[in-house]
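The entries below follow the order in which I looked.

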Amino acid sequence: QLQACGGGLVQAGGSLRLSCAASGRTFSTYTKGWFRQAPGKEREFVAAISWNSGSSYYADSMKGRFTISTDNAKNTVYLQMDSLKPEDTAVYYCAAKRGGLASVASTYEYWGQGTQVTVSS
């Protein structure tokens with residue numbers, strides 16, 4: 001029901017824009033989030049945005065570099081990633097939940113399949 005895309009290989013300092021489109025149901029009233037998981041590490045919160053785009057929330061290491069946005073008309077959430085670093089290399093997942101902003105993965109009900117982002121030094 002959530003399909004993430006836009007990952008790829010990029011050099012350090014570069015940018016990527018991830019997209020996550022919903023199908024089968026509307027998520028227009030859901031909080032959307034992005035998480036990532038690097039090999040051998042726990043899944044990590046990246047950013048979240050409220051259903052009406054009125055509020056957003058970022059992990060400290062992403063503030064100023066990543067921007068989350070949503071287009072409810074397209075049932076799509078985006079993650080613009082700038083100034084990428086090798087440590088940003090991970091599989092990125094989109095997720096959706098009812099209720100307010102949250103950084104805890106277990107509170108999200110719906111998950112996309114993940115898209116690989118690799119940042120070379």
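I began with the accessibility of E109, and I noted that E109 is partly exposed, because its relative accessible area is 34%, a value that falls between the limits of 20% for buried and 50% for exposed. I keep in mind throughout that this is a predicted model.

Next I looked for a charged partner of E109, and I found that its side chain meets that of R98 in a salt bridge, at 2.4 Å from N to O. E109 and R98 both sit in the loop between β9 and β10 (110-111), so the pair ties together parts that are 11 residues apart in sequence.

I then searched the whole structure for such pairs, and the search returned five salt bridges. Which residues are linked in a network of salt bridges? I wrote down R36, E44, R65 and D88 as the members of that network.

Are D88 and R36 buried or exposed? I recorded both D88 and R36 as buried.

D88 also forms a salt bridge with R65, where the closest N and O atoms are 2.7 Å apart. Since R65 lies in the loop between β6 (56-58) and β7, and D88 in the loop between β8 and β9, the pair ties together parts that are 23 residues apart in sequence. R65 and D88 are both buried as well.

R65 came up again when I turned to M81: leaving aside neighbours within four places in sequence, M81 is in contact with G14, S15, L16, L18, R65, F66, Y92 and V117. In the largest nonpolar core, which has 36 residues, M81 is among those that touch the most other members, together with W34, L79 and Y92. I listed the strands that each supply at least two residues of this core, and they are β1 (2-5), β3 (16-22), β4 (31-37), β5 (44-49), β7 (66-71), β8 (76-81), β9 (90-97) and β11 (115-120).

Last, I looked up the largest pocket, whose volume is about 160 Å³.

Notes: Residues are numbered from 1 along each chain as its sequence is written. This is a predicted model: local features need pLDDT of at least 70, side-chain atom pairs count only at pLDDT 80 or more; totals for chains, interfaces and linings use all residues. Side-chain values use heavy atoms; hydrogens and water are left out. On a 1 Å grid over the protein atoms alone, a cavity is a set of points where a 1.4 Å probe fits but cannot get out, and a pocket is an open set with protein on both sides within 12 Å along at least five of seven lines; lining residues have an atom within 4 Å of a point. Grid points are joined across faces, edges and corners, and a volume is the space filled by probe spheres set on the points. A nonpolar core is a set of buried Ala, Val, Leu, Ile, Met, Phe, Trp, Tyr and Cys residues joined through side-chain atoms within 4.5 Å. Buried means under 20% relative accessible area, exposed over 50%, partly exposed in between (1.4 Å probe, protein chains only). Helices (H or I, at least four residues) and strands (E, at least two) are DSSP runs, numbered from the N terminus. Contact means heavy atoms within 4.5 Å. A salt bridge is a side-chain nitrogen of Lys or Arg within 4 Å of a carboxyl oxygen of Asp or Glu.
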